[in-house]
Amino acid sequence: MIPFNKQHIFGPELDYVQDAFDQGKVSGDGKYTGLCKSLIEERLQVRHALLTTSATHALEMAALLADIGPGDEVIMPSYTFVSTANAFVLRGAKPVFCDIREDNLNMDESLIEGLVTHRTKAVCPVHYAGVACDMDVIMDVADRRGLVVIEDAAQSIGAKYKGRPLGSIGHMSALSFHETKNISCGEGGALLLRDDQHLERAEILREKGTNRSQFFRGEVDKYTWVDVGSSYLPSDINAAFLWAQLERLDEITARRKEITSRYREGFQALADDGVVRLPVTNDFAEPNHHMFYLLANSLEARAELISHLKQRGVMAVFHYVPLHRSPFYLHTFGDCELPVTEDLSDRLVRLPLYFSLGDAEVDRVVEAVRDFFVLSPGRTQ
Ligand SMILES: *Cc1c(COP(=O)(O)O)cnc(C)c1O
């Protein structure tokens with residue numbers, strides 16, 4: 001069986017975990033948290049990177065920092081993971097969904113301005129599959145309308161927009177180190193701050209509403225409760241594991257790129273025949289090859305393809321159920337129509353893609369997909 005995803009241990013992970021114990025400090029903000037922080041700040045060209053327990057928590061922190069409250073509106077795609085919306089819904093805000101582009105499945109930036117009202121506080125672009133949103137257009141709308149831009153960069157570490165790292169363009173950004181992402185420590189994330197504006201409050205929110213970070217730096221002589229907050233910082237054990245992966249960011253991205261190219265070559269003939277569509281990467285985007293998907297021609301063709309692949313020992317999956325079609329959204333906020341999101345989300349299939357996926361396995365996946373269309377052409381309508 002070729003699984004959909006597999007966590008890879010590069011080697012030094014457990015040695016670094018042992019070393020974290022030897023340092024005598026395995027709670028947050030120890031040696032390895034510092035190493036990860038510096039590398040992310042340097043590679044992603046942001047002023048501050050604060051490791052968090054997840055991208056979900058980084059987004060929750062961003063919502064607090066942006067002062068999102070009841071009645072506020074936040075513009076985002078419906079075609080995303082629930083955390084993009086939940087971070088703001090937790091603060092009493094309403095997610096306002098923007099339809100996606102046919103080509104890269106990202107928020108259609110030309111529709112954003114039409115969704116802005118006097119209640120709009122923020123825009124939350126999601127770089128789907130590690131392919132950049134058109135950030136110049138989004139930043140321009142946000143600047144003119146006074147909106148905060150929070151990038152959901154959960155899938156996009158190492159990817160770029162016109163040469164600039166994703167996560168460095170909006171005011172704040174969230175990275176994920178969940179097991180399904182390119183760089184992983186099981187569960188983990190980071191809040192990125194483009195400049196100094198939110199740093200002081202971010203440190204306090206992350207340390208349970210206390211000024212403990214300032215205390216550890218010797219800036220105050222005791223620490224105490226100064227604001228709301230929660231426990232958003234990960235253990236240094238997680239950071240030690242993460243460091244072994246972050247060190248290999250380029251190597252990991254390069255291998256994923258090879259796998260992606262092999263898939264593309266393998267599927268080109270099917271794409272030429274019009275039975276599947278391959279992912280599109282825009283000129284402005286340099287992706288990190290986070291996922292590889294195909295678009296089937298119909299919901300039925302997708303379902304049959306997934307079950308055919310399962311019989312052939314290949315785990316393929318679809319996602320997401322668009323948030324505007326979820327029971328929670330319908331019950332809480334009512335109906336809304338997003339034709340492109342509905343069409344594409346019904347037809348997308350994700351194929352296995354992980355660092356240790358070998359060429360022979362990629363070829364097996366390609367062959368299994370090809371056979372589906374060649375052996376049963378009637379199913380492809
Ligand atoms: C994975 C993901 C998240 C959540 O990341 P966690 O680290 O698991 O909280 C949020 N948004 C998007 C777009 C994701 O892909």
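In this predicted model, a polar side-chain atom of Q155 lies 2.8 Å from an oxygen atom of the ligand. In the side chain of T56, an N or O atom is 2.5 Å from an oxygen atom of the ligand. At A55 it is the backbone that takes part, with a polar atom 2.8 Å from a ligand oxygen. On its own, the ligand has 380 Å² of accessible area, and the protein covers 94% of this.

The surroundings of the ligand can be described next. The space that the ligand takes up is the largest pocket. Around the ligand stand 15 residues, and the closest of these are T56, D152, Q155, S176 and K181. Sorted by class, this shell comprises eight polar, five nonpolar and two charged residues.

The cysteines form a separate topic. The model contains zero disulfides, a disulfide being a pair of cysteine sulfur atoms within 2.5 Å. C98 illustrates the reason: the closest cysteine sulfur to its own belongs to C133 and is 9.5 Å away, which is too far for a bond. C133 is likewise in no disulfide, and its nearest cysteine sulfur, that of C124, is 9.4 Å away.

Definitions and conventions:
Residues are numbered from 1 along each chain as its sequence is written. This is a predicted model: local features need pLDDT of at least 70, side-chain atom pairs count only at pLDDT 80 or more; totals for chains, interfaces and linings use all residues. Side-chain values use heavy atoms; hydrogens and water are left out. A residue is near a molecule or strand if one of its heavy atoms lies within 4 Å of it. A polar contact is a pair of N or O atoms within 3.5 Å; within protein, one must be able to donate a hydrogen and the other to accept it, and residues adjacent in sequence count only if both atoms are side-chain atoms. Accessible areas come from the Shrake-Rupley method with a 1.4 Å probe; for residues, only the protein chains shown count as cover. On a 1 Å grid over the protein atoms alone, a cavity is a set of points where a 1.4 Å probe fits but cannot get out, and a pocket is an open set with protein on both sides within 12 Å along at least five of seven lines; lining residues have an atom within 4 Å of a point. A molecule sits in a cavity or pocket if more than half of its atoms lie within 2 Å of its grid points. Ala, Val, Leu, Ile, Met, Phe, Trp, Tyr, Cys and Pro count as nonpolar, Asp, Glu, Lys and Arg as charged, and the others, Gly among them, as polar.
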